[in-house]
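User: Could you walk me through reading aromatic pairs and a ligand site in a model? I'd like the general idea, then the case at hand.
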Amino acid sequence: MKSLLLNLPLVADVSKIATDDYVGFTFFVGCMAMMAASAFFFLSMNSFDSKWRTSILVSGLITFIAAVHYWYMRDYWASNGESPTFFRYVDWVLTVPLMCVEFYLILKAAGAKKSLMWRLIALSVIMLVTGYWGEAVSRDQAAFWGLVSGVAYFVIVYDIWFGQAKKLAVAAGGSVLQAHKTLSWFVLVGWAIYPIGYMAGTPGWYEGIFGGLAMDVIYNIGDAVNKIGFGLVVYAAAVAAKDSK
Ligand SMILES: *C/C=C(C)/C=C/C=C(C)/C=C/C1=C(C)CCCC1(C)C
């Protein structure tokens, strides 16, 4: 329908999603879930004291940044039927460092130094830039770049599980230690979803093993689990800290 005066569509075209388009569906649902989670974190943050408020604000920023990217990715997929690799990695390169900030904020009271935060951020950027290189630029060398990215990932896992971050968490004890433990499991198990997506999406490589399960579906599940789950762990820690007062 056109408006008479402006000759513009009155209603913006809504992209179609076919019933068997699992990628399109998970982009759509992912977008909604990220929006809802952001509203939840932003609206609840003021009921906590300042030590936890920033952490919950960061949880909300992570899901909000993802919601905006999912909005674009959903549209990109619906219009082009292609993986929105660029938006995907821009999203990750903003949100994953914020998750590293989250680790730092939780451990700050236990004496965490900024250098710990910057180290984790640098490692996460190396992990993502090399992953992008293998996925978008140097497709023929996807296995090599995936490996480099995987090494950076393992260093992050090591730091969080056994390095300085772990020592600080043990020293802090209580709800901080509990939150650190759960977040460490997210990094070990939840983040491991992504290399699986990467392998499933690399032609002629492990593609077959995953039975044609689309890379984007795997990434979308990973994002929902990790971004919303991570935020809820921080939220639960803040609630536990309040209750124990
Ligand atoms: C919210 C987004 C998150 C938590 C994204 C995390 C992404 C990763 C942990 C990606 C890791 C990768 C590897 C370990 C190897 C293959 C390339 C990547 C980038 C998919």
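Analyst: Happy to! Buried means under 20% relative accessible area, exposed over 50%, partly exposed in between (1.4 Å probe, protein chains only). Here W92 is buried, and Y219 is buried too. This is a predicted model, where local features need pLDDT of at least 70, side-chain atom pairs count only at pLDDT 80 or more, and totals for chains, interfaces and linings use all residues. Residues are numbered from 1 along each chain as its sequence is written, and side-chain values use heavy atoms, without hydrogens and water.

User: What kind of aromatic pair do W92 and Y219 form?

Analyst: Rings of Phe, Tyr and Trp (its six-membered ring) pair if their centres lie within 6.5 Å; planes under 30 degrees apart count as stacked, over 60 as edge-to-face and the rest as tilted. W92 and Y219 are edge-to-face, at 4.9 Å centre to centre with 80° between the planes. This pair links distant parts of the chain, with W92 in helix 3 and Y219 in helix 9, 127 residues apart. Helices are DSSP runs (H or I, at least four residues), numbered from the N terminus.

User: Which residues are closest to the ligand?

Analyst: A residue is near a molecule if one of its heavy atoms lies within 4 Å of it. Of the 17 residues that surround the ligand, the closest are V96, M127, S149, Y194 and K227. Helix 3 gives the most to this shell, with five residues.

Conventions
Helices (H or I, at least four residues) and strands (E, at least two) are DSSP runs, numbered from the N terminus.
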